[in-house]
Amino acid sequence: MLVQMAASCCQIKTITAQSFCLFVLTINRMLASTVFKKIKGTGSAYNKALKTTPFGRSDAFTRGGFAIMPHATAPLSLMLSVQGGNMIEAKCHCGNIVITADKRLDSITSCNCSMCFRVGALWAYYTADQVEIKTTSNTTVYLWGNKLRSYHSCSLCGCTTHYTQIRDDGTNRVAINIRMANPELFKSVNVRHFDGADTFKYVQQ
């Protein structure tokens, strides 16, 4: 199987970095699964074997000495490159609200208005057609002031995950609180500071 995959890969004239990483991860998963079968799922041996597979790490999820899932985990930076660095997933603490967006983060916004200051949010802006929002239970919606923005929070764990707004140009904005996402996704993204408390303009840092 590996030989056939390698042969097929060699026939492709143009190989993107994304497809190459995906190819390597696929081989890594197959090698780990083969090892898993040979050692009959023993957690310690499986962890040790992962060190010998490409990009492998000894971090198999184990319980009671047995591996629950035969897989090899690549470094997060490589996993993000496979996704093109575009897929964003944000969810509240309990997982009741899950938001996904397929768009690269160019920047995120920190606002100091009376609401955002208290929430402590970092906002990533999208339009409604760019995101998918799933909930398993009721959410809490809060409006204040001119009631242009609807702040959505989980009714179970209390996390404020996003707000929705119809802008002056007619677009439906969805602002995702990116603090609900994996910090690796935004730690190197430029943070713009918006003075929502006074001038209603972005502040040069």
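## Close-up views of a predicted model

**Figure 1. The whole chain.** The chain has a secondary structure of five helices and 13 strands. The model shown is predicted. Of the 205 residues of the chain, 35% count as buried. The accessible surface of the chain is about 12,900 Å², and 55% of this belongs to carbon and sulfur atoms. Among contacts with a separation of 6 or more, 53% join residues 24 or more positions apart.

Figure 2. Threonine 109 is part of strand E5, which covers residues 107-111. Its relative accessibility is 2%, so threonine 109 counts as buried, the cut-off for buried being under 20%. Beyond its neighbours within four places in sequence, threonine 109 is in contact with Ala121, Leu122, Trp123, Tyr125, Arg192, Phe194 and Tyr202. With tyrosine 202, the side chain of threonine 109 makes a polar contact, side chain to side chain, at 3.3 Å.

**Figure 3. The largest nonpolar core.** In soluble globular proteins, nonpolar side chains tend to be buried together. Here the largest nonpolar core has 22 residues, and Leu105, Ile108, Tyr126, Ile176 and Ile178 have the most contacts inside it. At least two residues of this core come from each of strands E3 (87-91), E4 (97-102), E6 (123-127) and E11 (172-177). E4 gives the most, with three residues.

Figure 4. Neighbours within four places in sequence aside, the contacts of isoleucine 176 include Ala90, Ile99, Ala101, Leu122, Trp123 and Tyr126. Val131, Thr161 and His162 are also in contact with isoleucine 176.

Methods:
Residues numbered from 1 in each chain as written. Predicted model: local features only at pLDDT ≥ 70, side-chain atom pairs only at ≥ 80, totals over all residues. Heavy atoms only, no water. Helix = DSSP H or I, 4+ residues; strand = E, 2+ residues; numbered from the N terminus. Buried < 20%, exposed > 50% of the residue type's maximum accessible area, 1.4 Å probe, protein only. Polar contact = N/O pair within 3.5 Å; in protein donor to acceptor, adjacent residues only side chain to side chain. Contact = heavy atoms within 4.5 Å. Core = buried A, V, L, I, M, F, W, Y, C linked by side-chain atoms within 4.5 Å. Areas by Shrake-Rupley, 256 points an atom, 1.4 Å probe, with all protein chains shown as cover.
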